[in-house]
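Okay, I've got one chain to walk you through today. Let me put it on the screen.

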Amino acid sequence: QVQLVESGGGFVQPGGSLRLSCAASGSISSTNDMGWYRQAPGKQRELVATITRGGSIDYADSVKGRFTISRDNAKNTVTLQMTSLKPEDTGVYYCWSRILIWGIGTRNYWGQGTQVTVSS
């Protein structure tokens, strides 16, 4: 059983900051790519940022310069530091990881989601 557990969402005013964290646990051989996606009401889920095990990073154009993704391979965690938040950043943020499981292979896993609301 593999779980991704997120924390750190909440309510913030425009221009504020939030930090999201996600920890993977279970029968994990290794976590490969990790990242964050978000889904706003009435919209499709979209990529926010991803990071490979080696540290290569990809950001959505809308968050470049404002969000920073990082990871700790030893702890199987990924963090998203969000600054200069805008109302359009509002949504449910999902942690994602491509994980190698002993005896099974590589699978995609998702967290349960954490709400981020940016409003004045």
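So, going from the N terminus, the elements run β-β-β-β-β-β-β-β-β-β-β; here strands are DSSP runs of E with at least two residues, numbered from the N terminus. The radius of gyration is 14 Å, close to the 14 Å the globule rule gives for 120 residues, so the chain is as compact as a globular protein of that length. That radius is taken over C-alpha atoms, and the rule is 2.2 Å times the number of residues to the power 0.38.

Quick housekeeping: this is a predicted model, with local features needing pLDDT of at least 70, side-chain atom pairs counting only at pLDDT 80 or more, and totals for chains, interfaces and linings using all residues. Residues are numbered from 1 along each chain as its sequence is written, and side-chain values use heavy atoms, with hydrogens and water left out.

On contacts (heavy atoms within 4.5 Å): among those with a separation of 6 or more, 55% come from residues 24 or more positions apart. As for burial, 42% of the 120 residues count as buried, meaning under 20% relative accessible area, with exposed over 50% and partly exposed in between, using a 1.4 Å probe and protein chains only.

N76 isn't a glycine, yet its phi is positive, near 55 degrees. You'll find N76 in the loop between β7 (67-72) and β8 (77-82), and it counts as buried because its relative accessibility is 16%. Then there's S84, also no glycine, with a positive phi of about 50 degrees. S84 sits in the loop between β8 and β9 (91-101), and at 40% relative accessibility it counts as partly exposed.

Technical notes: Helices (H or I, at least four residues) and strands (E, at least two) are DSSP runs, numbered from the N terminus.
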